[in-house]
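Subject: The structure for you to look at

Hello,

Here is the structure I wanted to pass on to you. Have a look at it first, and then read on for what turned up in it.

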Amino acid sequence: MGFEFSRYRTAVFSALAVLASAAMIHYAVEKIDSAVYVNTGEADMGGRIIVLDCGHGGMDGGCSTADGITEKGINLNIMLSVRDMCRLYGYDTAVTRDRDISIHDSGVTGVRNQKVSDMENRLELFNKFPDAVCLSIHQNTYTDPKFSGAQMFYSATNPESERFALILQNKFVQNLQPENMRETKLCGKELYLCYFCNNPAVMAECGFLSNPEEASKLTNEAYQQQVAYTLFSGLNEFIN
C-alpha cells in the first residue's frame, strides 16, 4: 500500500478510533432552511468552528470506480471519521450532511434545480460561522487511468486558504503518498463552494477513482480512516 504511517501516527490514530467508538457524547442538531443539518457541540460562536462537507449525495453520486462504486459514499465515510476526530479533540464541528441525502430545499423539483439548491445550502453553511475553517471532501477522476494522487484546490477569496491547502497537500505526501508531486491549485468559479466561501476553504480531492490501484485503496475502510486522519492532522496544524 506504499508508504505506511509511522508507529507513532498509527498509535495516535488507533487511540482516536477507540475513543470514537466508545464516546457517548450528545451534540445538538440544528436545521437550516429545512435542508442543511448542523452538528455541533456547545458551540462557542467566538471560537473557530470546523465546517465539513462531503461532496455529492442523494441522487448525485459523483464519479465512480470502474465497477460502479460511487464517490458520494466514500466522501461521507471519510468526512464522518474526520468529524469524530475533530470532536474528540475538542473542536466544534458542523457538517453539510451526515447521511446519504441531497440537502436541497423541500419542494424543489428537477435534478438541475435540486443540485443548484443543494450547492446554495452548502455554501450557506460554509459562510454561516465567522472565522470558520471549511473543508470539502471529494474524489477525482480522469479519462486516463494512469493519474493518481491527492490534490488540494483553493480560491483567492480568503488569504488563508492557500496556506491551508499547502498544509493538507504536505500531509498527504508525508502520511500516504510520498511520490505525490501534485501542486495545490487555485480554482475559479467552477468550484462554487471554495470560490464563494468567505472563510478559509479547501476542496480536497483525495485520489483518483479512475486509477484502479488508488480506487482499490479508497474503497477500503482502513485506508479511508488513514485519509481521514491525514485531513484531521492538517486541519489541526492549520488552526494551531
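A salt bridge, as the term is used here, is a side-chain nitrogen of Lys or Arg within 4 Å of a carboxyl oxygen of Asp or Glu. Please keep in mind that this is a predicted model.

**Salt bridges**

Side chains of opposite charge can pair when their charged atoms come close. There are nine salt bridges in the structure, and a few of them deserve a visit.

Start with Arg 122 and Asp 53, which form a salt bridge with their closest N and O atoms 2.2 Å apart. Arg 122 belongs to helix H3 (residues 111–126) and Asp 53 to strand S3, so to speak distant parts of the chain, 69 residues apart. Are these two residues buried or exposed? Both Arg 122 and Asp 53 are buried.

Next come Glu 237 and Lys 171, whose side chains meet in a salt bridge at 3.0 Å, N to O. Because Glu 237 sits in helix H7 (residues 221–239) and Lys 171 in helix H4, the pair ties together parts that are 66 residues apart in sequence.

Glu 160 counts as partly exposed at 24% relative accessibility, and Arg 48 counts as partly exposed at 21%.

Strands of a sheet pair through backbone hydrogen bonds, either parallel or antiparallel. Here, six strands make an open sheet with mixed pairing, in the order S4-S3-S5-S8-S6-S7. Strand S4 (93–95) and S7 stand at the edges with a single partner strand each, so one side of each is left without a neighbour in the sheet.

How many bridges join S6 to strand S8 (residues 201–208)? There are four, and these two strands run antiparallel. Within this pairing, Phe 153 stands opposite Met 203 in S8. S6 also pairs with strand S7 (residues 185–186), in the parallel sense and over two bridges, and there Tyr 154 stands opposite Leu 186. To get from S6 to S7, the chain crosses through helix H4 (residues 161–175), and this β-α-β crossover is right-handed.

Elsewhere in the sheet, five bridges pair S3 with strand S5 (residues 133–140) in the parallel sense. Leu 52 stands opposite Leu 135 in S5.

Two helices can be viewed against these strands. Helix H2 (residues 71–88) lies across S3, S4 and S5 and runs at about 150 degrees to S5. H7 lies across S3, S5 and S8, and it also runs at about 150 degrees to S5.

**Backbone and cysteines**

Most residues other than glycine have a negative phi, and most peptide bonds are trans. His 56, in the loop between S3 and H2, has a positive phi near 75 degrees. His 56 is partly exposed, with a relative accessible area of 21%. Asp 131 has a positive phi of about 60 degrees, although it is not a glycine. Asp 131 lies in the loop between H3 and S5 and is partly exposed, with a relative accessible area of 43%.

A disulfide is a covalent bond between the sulfur atoms of two cysteines. With a cut-off of 2.5 Å between cysteine sulfur atoms, the count comes to zero disulfides. Cys 86 is buried, with a relative accessible area of 0%, and Cys 206 is buried with a relative accessible area of 0%.

Enjoy exploring it!

Best wishes

Definitions and conventions:
Residues are numbered from 1 along each chain as its sequence is written. This is a predicted model: local features need pLDDT of at least 70, side-chain atom pairs count only at pLDDT 80 or more; totals for chains, interfaces and linings use all residues. Side-chain values use heavy atoms; hydrogens and water are left out. Two strands pair if DSSP finds at least two bridges between them. A crossover is right-handed if, with the strands pointing away from the viewer, the path from the first strand over the helix to the second runs clockwise. Buried means under 20% relative accessible area, exposed over 50%, partly exposed in between (1.4 Å probe, protein chains only). Contact means heavy atoms within 4.5 Å. Axes are lines fitted to C-alpha atoms, for helices over the stretch in contact, and angles run from 0 to 180 degrees between N-to-C directions.
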